[in-house]
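Thanks for asking me to look through this one. Here are my notes, written as numbered points so that you can follow along in your viewer.

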Amino acid sequence: MRKLNTKWMHPRDQITMIIDKIYRSGLTTTSGGNISVIDDNGDVWVTPSAIDKGTLRASDIVCVRKDGTIEGKHKPSSEYPFHIAIYKCRPEIKAVIHAHPPALVSFSIVRQIPDTNVIPQAKHVCGPIGYAPYALPGSNELGDVIADEFEKGVNAVIMENHGTVVGGADLSDAYQRFETMEFCARTLINGSTIGTPRYLTDAQIDDFENQIPRLLPEMKKVSYPSDERAIREQIQRIVLRACDQGLMISSYGTVSVRWKDNDFLITPTNVARWDIQLKDIVQIKDGKREPGKIPSRSTWLHQEIYKRYPHINSIILTQTPYLMAYSVTDEKIDVRTIPESWIFLQDIPNVPFGSHFAGEETILETLSKNTPAVIINNDSVLVTGDKLLGTFDKLEVAEFSAKSLTMGASLGTLVPINDEQVEDLRKKFLG
Ligand SMILES: [Zn+2]
């Protein structure tokens, strides 16, 4: 697994890695979208004009030297003037991503800015979002209206009737902002399709940001037996798969697996999920953490779930675009849609925002053998199970159900399978 190392990787390799990810995630078309990175010389590396985004190679990336000379096989993206304009007015920005991702374009064409107070990490990750009036693509005027917004200190801008542009301290930072903002937009659109989105207050967001302290003590000696390493591999595989399947974004999500007794392994905090490495995963043994690593903010909850429920051996906490519709509105998800959904999930209750913070008992009291998953309001969904792959499967089933319900909302009202049909399912499958 290659890691996006913005400190050591050549900008053209960073750019091809991220454009490939953006294309495969459905966040840009083949022709739209461009990325640039400015290096320590002041030279700007940028994606080429009119070259297929699906098969872009490092050798296709163009360099615009500080003095304006252009080097490379192709012409630079026609939109590079506004990249240069951003670097000129904000020297601390070292990477820029521009694209036309569908949900942010929806906001752009109805001339609105997504409210990032809808999920807890988004305000912090995206920062305030600017709004640039329409101007002709590739024109200096477009560069000017975008630079005007960046000059105000924002790192993300909605471009009227066009798309979005974000900047970052490096390409990883810019990508995380871009992806999180699009996720927010999708959550708001899906939430508005089934109900009315509710928002977190600034105080609630501060509570979320301030819950890191309560770190477990560090263990003195660590050992990594083969069964421990096998769990690292399992966790890494599932996190990457979740990211690939659109079931986890860079800026949020935790996966843990019980190792033995109440010891477990868990993903760290503040690591881009799609880029997680085996060494990033944190061992928790005898209530202590591996030295030098910061486990997920939700570690306390995972620890308490493993203590209380011997049948639970893996946990996934994540944000997915359709389940989040049921997290940010007062609508209740009904999994009596199809047999598969009911058999896997039975019921997914909602719990208030903050229920997953250290010391809160609500989730511990809500989970049971017949309640493997909960939706945390304006935050995430938590799914538990035995084997990690089975837990992941439940997450997929839940997200598919939420997607069918959301898509069906424009067709008519859900006719759920009835009590008698449910009883038959219970007898046959849950006996
Ligand atoms: Zn564009």
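This is a predicted model: local features need pLDDT of at least 70, side-chain atom pairs count only at pLDDT 80 or more; totals for chains, interfaces and linings use all residues.

1. UniProt, in an unreviewed entry, places the feature "domain: Class II aldolase/adducin N-terminal" at residues 13–189 and 233–406. Residues 13–189 are 37% helix and 18% strand, with the end C-alpha atoms 34 Å apart. For residues 233–406 the make-up is 33% helix and 20% strand, and the end C-alpha atoms lie 34 Å apart.

2. Strand 8 (residues 163–168) deserves a look from both sides. Six of its six residues are buried. Gly163, Val165 and Gly167 make up one covered face, while Thr164, Val166 and Gly168 make up the other.

3. Which strands pair with strand 8? Strand 5 (residues 95–99) runs antiparallel to strand 8 and is joined to it by five bridges; here Ala95 has Gly168 as its bridge partner. Strand 7 (residues 156–159) is also antiparallel to strand 8, with four bridges, and Ile158 stands opposite Thr164. Strands 7 and 8 form a hairpin with three residues between them, and Asn161 in the turn has a positive phi of about 45°.

4. Thr116 sits in the loop between helix 3 (102–109) and helix 4 (122–126). Although it is a loop residue, Thr116 counts as buried because its relative accessibility is 8%, below the 20% cut-off. Leaving aside residues up to four places away in sequence, Thr116 touches Ala122, Lys123, Cys126, Ile129 and Cys184.

5. Finally, helix 9 (residues 299–308) is mostly covered, with seven of its ten residues buried. The buried set is Thr299, Leu301, His302, Gln303, Glu304, Ile305 and Tyr306. These residues pack against strand 9 (254–260), strand 10 (263–266), strand 11 (282–285), strand 13 (314–318), helix 12 (362–366) and strand 16 (380–385).

Definitions and conventions: Residues are numbered from 1 along each chain as its sequence is written. Side-chain values use heavy atoms; hydrogens and water are left out. Helices (H or I, at least four residues) and strands (E, at least two) are DSSP runs, numbered from the N terminus. Buried means under 20% relative accessible area, exposed over 50%, partly exposed in between (1.4 Å probe, protein chains only). Contact means heavy atoms within 4.5 Å. UniProt positions are given in the numbering used here, feature names are shortened, and annotations may be inferred rather than shown by experiment. Two strands pair if DSSP finds at least two bridges between them.
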